[in-house]
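Q: Can you walk me through this model? I want to learn how to read strand pairing, helix crossing and a ligand shell.

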Amino acid sequence: MYAIEIENLTKSYGNLKAVDDLTLNVEKGIVFGFLGPNGAGKTTTILSMLGLIIPDSGSIRILGHDVFREPIQVKEKIGFLPENATIYEELTAWKNLDFFANFYRFSRQEKEKRIEELLKLVGLWDVKYRKVKTFSKGMKQRLLLAQALINDPEVLILDEPTSGLDPEGAYLVKSIVKEEREKGKTVFFSSHVLSEVEELSDKVGIIVKGRLRALGTLEEIKKEFMELEGYEIKVETKQPLPEIDLPEIISIKRIGDSRAIIFAKEDIREELSEYLSRKGITILSLEIEEPSLEDVFLKTIYKR
Ligand SMILES: Nc1ncnc2c1ncn2[C@@H]1O[C@H](COP(=O)(O)OP(=O)(O)OP(=O)(O)O)[C@@H](O)[C@H]1O
C-alpha cells in the first residue's frame, strides 16, 4: 500500500493554476523530496494533503484514508511542519508541546514521557522552561519539528523544513528525517535546496508551475534526463585518441591528445571500447559523466 496517493489534483487561484493535474504516489517507509522553484505549487499541494485547502478536483489518500472524507483518521496518523509556522512565543518549550499533546489521547504519564523524549531528540531539553520568544530561529524550528512528531506519526509532512536554518540547525533536521525513515516512517518534504533533496530522498518529484515534470528515484530521473538530453562520456586512452566515427556521436570535446568528452545520443561505451580496441588503442578510463540534480532541475525549469 502507498502512504500517500495523489490523483489528478488541481487547484486554481483565479486564473492561476497553482497545481495542475498532479498525480503521484509515495511508497511507505521512504523519504520523498518534493522539489520545485518558488511558486511552483509545493505548499498548495501540501495544504491539500492536509485537507486545509479544498482543491478544484482530484483526490488524496493518506494510508488509505481519503483526506477530505476521513480527516480525523488522517490527522491521527500524520505530523505536519508548516512553512513559516507560528509558535506560542509567551509559552515555554514544554508548554508548547504540552498544548499540542492535548489534542491526542495520551495519559498524563505518556504525555510527559513523550514530551521529554522529543525535547531531548531536538536538543531543547536544557531550555525546556524558557519562553520561546527567547529562542533563536533554529531552536524554534526544532521545537516545531518536535511538535510535528508529538503523535509519533506514520507520515511526516514537512514544508521547507530547513528554510532559514544555519548548517547546524539544518543538520539536526536532516538527522531527524533519517531517523524517522530508520523507524519505518514515511517522510514527505518540500524543498528548493538541491543538496538536501539529493542527500535525503529515496524518491523525488520535480514540480514546476503546478505540473509534475519528473518523478522517480534520482537514478531514474537522471537516466531519463540523459535519454532526453544526451550522454556525456569521458574517455582517456594510452595512445593518442584517433578520429572517432560512430553515428551516435553528437560532438567531441578534446582535452589534450588522449582525453576527450564525447557527447552522444546513447550510452555508447561498449561500441566505443570495441571501436578503439580495433584500432589498437588501449583505454585507460571510460565513464559516463552523470548529470547532477542541479543540471536536471535547472534544465527542467527553464527548458521544457
Ligand atoms: N491563497 C492564495 N491566493 C492566490 N494565489 C496563491 C495563494 N496561495 C498560493 N498562490 C499562488 O499559487 C502559486 C503556487 O504557490 P505555492 O505557495 O503553492 O508555491 P510553493 O512551491 O510552495 O512556493 P515557495 O517555494 O515560494 O513556498 C504561486 O504562484 C502563488 O503565488
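A: Start with pairing: two strands pair if DSSP finds at least two bridges between them. Keep in mind that this model is predicted.

Q: Which residue in E13 is the bridge partner of Ser 251?

A: The partner is Phe 263. Strand E12 (residues 249–255) and E13 pair in the antiparallel sense, over 6 bridges.

Q: What stands opposite Glu 232 in E13?

A: Phe 263 again. Strand E11 (residues 231–237) pairs with strand E13 (residues 259–264), antiparallel, over 6 bridges.

Q: How many residues lie between the strands in the hairpin of E12 and E13?

A: There are 3. In this hairpin, Gly 256 takes a positive phi near 75°.

Q: Now the helices. At what angle do the axes of H3 and H4 cross?

A: First the rule: angles under 35 degrees count as roughly parallel, over 145 as roughly antiparallel, 65 to 115 as roughly perpendicular and the rest as oblique. Helix H3 (residues 93–101) and helix H4 (residues 108–121) cross at roughly 130°, with axes that come within 10 Å. The two helices are therefore oblique to each other. The crossing of H3 past H4 is right-handed.

Q: Which residues make the contact?

A: H3 gives Ala 93, Trp 94, Leu 97, Asp 98 and Ala 101. H4 gives Lys 111, Arg 114, Ile 115, Leu 118 and Leu 119. By class, the contact of H3 with H4 has 7 nonpolar, no polar and 3 charged residues.

Q: Which residues come nearest to the ligand?

A: Of 13 residues around the ligand, Tyr 13, Ala 18, Lys 42, Thr 43 and Thr 44 come nearest. Strand E2 (16–27) and helix H1 (42–49) each give two or more residues to the shell. H1 gives the most, with 3. The shell divides into 4 nonpolar, 7 polar and 2 charged residues.

Note on methods:
Residues numbered from 1 in each chain as written. Predicted model: local features only at pLDDT ≥ 70, side-chain atom pairs only at ≥ 80, totals over all residues. Axes fitted to C-alpha atoms, helices over the stretch in contact; angles between N-to-C directions. Helix = DSSP H or I, 4+ residues; strand = E, 2+ residues; numbered from the N terminus. Left-handed = near helix turned anticlockwise from the far one by under 90°. Contact = placed C-beta atoms within 7 Å. Nonpolar A, V, L, I, M, F, W, Y, C, P; charged D, E, K, R; others polar. Near = placed C-beta within 6 Å.
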